[in-house]
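Open the model in your viewer and keep the selection panel handy.

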Amino acid sequence: MQTNLLPSKNILTRSSGYLKEICSHSLNPYSGCGFGLSSCGVGCYVRFNPWLTRGRKWGEFVDIKINAEQLYRQTVTREKNWAHKRAIPFTVFMSSSTDPWQPAEKKYRITRAILQAMQDEPPDTLILQTHSANILDDQETLQELSQRCNLRIHISIEGDRNRLPGLPPPPSSIEQRISALEKLSTQGLKTIVCLSPLYPLNNPHLFFQRLESTGVTAVIIDHFIEGDGTTSGSRTLKTHLPFAMSQVQEDCVHLPYRDQIIDIARGYLPVGVSAQGFAGHFSQ
Ligand code: SF4
């Protein structure tokens with residue numbers, strides 16, 4: 001892993017494209033991701049962003065934005081005003097192209113510093129997105145932030161199998177992530193599970209029953225078709241992920257599988273589909 005300590009020019013990025021319906025701004029404390037060689041890194045759409053990777057192999061580099069907290073403090077008022085002038089809430093999505101609780105966070109605590117800055121200058125809505133149970137390191141800060149803004153915690157759990165054939169292990173086991181959800185939900189924090197991209201489920205009824213029992217508010221179900229930034233899933237189709245999924249269940253690589261799973265999930269929890277779900281729109 002190549003780790004670079006780099007000052008960044010910008011930390012609150014005004015949304016465009018797919019993200020526009022979800023948030024006014026994205027915030028990435030790191031560039032690159034230490035989970036890139038885990039299972040989620042295989043189909044991770046960020047790996048196809050040449051502007052971000054600059055020729056480097058996904059999962060083998062991470063740029064640490066050492067001035068992120070400072071930048072947040074310097075620009076938050078301007079960016080909040082920018083959103084409000086457009087009559088949209090100042091909604092920050094953290095993160096769209098990295099994981100805020102990746103391994104580097106244990107050492108550099110860039111995410112923590114930003115969250116602490118947000119306690120002083122909160123956005124209207126904060127969406128935290130992670131694959132890691134390490135989010136528990138910041139429980140106290142999350143508690144306090146939830147008093148200052150509309151906080152939604154998204155934990156990615158793509159399915160009920162820890163491994164798909166031929167793929168590496170996930171960043172945290174399913175049990176670790178479910179246990180994190182339980183701990184955060186018990187404290188009254190709003191938690192949401194993201195099946196994104198949806199993997200073939202072994203026992204959907206049991207899985208959604210288990211998620212419901214953790215106290216999560218809702219689930220987001222997002223197939224790689226329509227969910228990877230392309231309508232046909234063409235980005236993901238270039239990776240090994242669809243083959244690994246189809247080894248388990250052939251029909252899961254087609255969109256009707258998503259719809260079958262949505263119907264089952266609605267028996268247990270409110271469901272948001274793809275971008276609508278990430279934007280906080282759920283129905284049961
Ligand atoms: S944790 Fe997120 S950003 Fe990192 S490799 Fe996995 S999917 Fe990509």
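In which hand does H8 pass H11 at their crossing? Before you look, note that this is a predicted model, where local features need pLDDT of at least 70, side-chain atom pairs count only at pLDDT 80 or more, and totals for chains, interfaces and linings use all residues. Residues are numbered from 1 along each chain as its sequence is written.

Now select helix H8 (residues 204–213) and helix H11 (residues 255–265); helices are DSSP runs of H or I, at least four residues, numbered from the N terminus. H8 passes H11 in a right-handed crossing, meaning that the near helix is turned clockwise from the far one by less than a right angle. They pack at about 50°, with axes 10 Å apart; axes are lines fitted to C-alpha atoms over the stretch in contact, and angles run from 0 to 180 degrees between N-to-C directions. H8 and H11 are therefore oblique to each other (roughly parallel is under 35 degrees, roughly antiparallel over 145, roughly perpendicular 65 to 115, and the rest oblique).

Show side chains next: Pro-204, His-205 and Phe-208 of H8 meet Ile-261, Ile-264 and Ala-265 of H11, with contact meaning C-beta atoms, placed from the backbone, within 7 Å.

Move on to H3 (residues 68–85) and H5 (residues 110–120), which pack at about 25° with axes 8 Å apart. H3 and H5 are therefore roughly parallel to each other, and their crossing is right-handed. Here Ala-68, Glu-69, Tyr-72 and Arg-73 in H3 meet Ile-110, Ala-113, Ile-114 and Ala-117 in H5.

Methods: Helices (H or I, at least four residues) and strands (E, at least two) are DSSP runs, numbered from the N terminus. Two residues are in contact if their C-beta atoms, placed from the backbone, lie within 7 Å.
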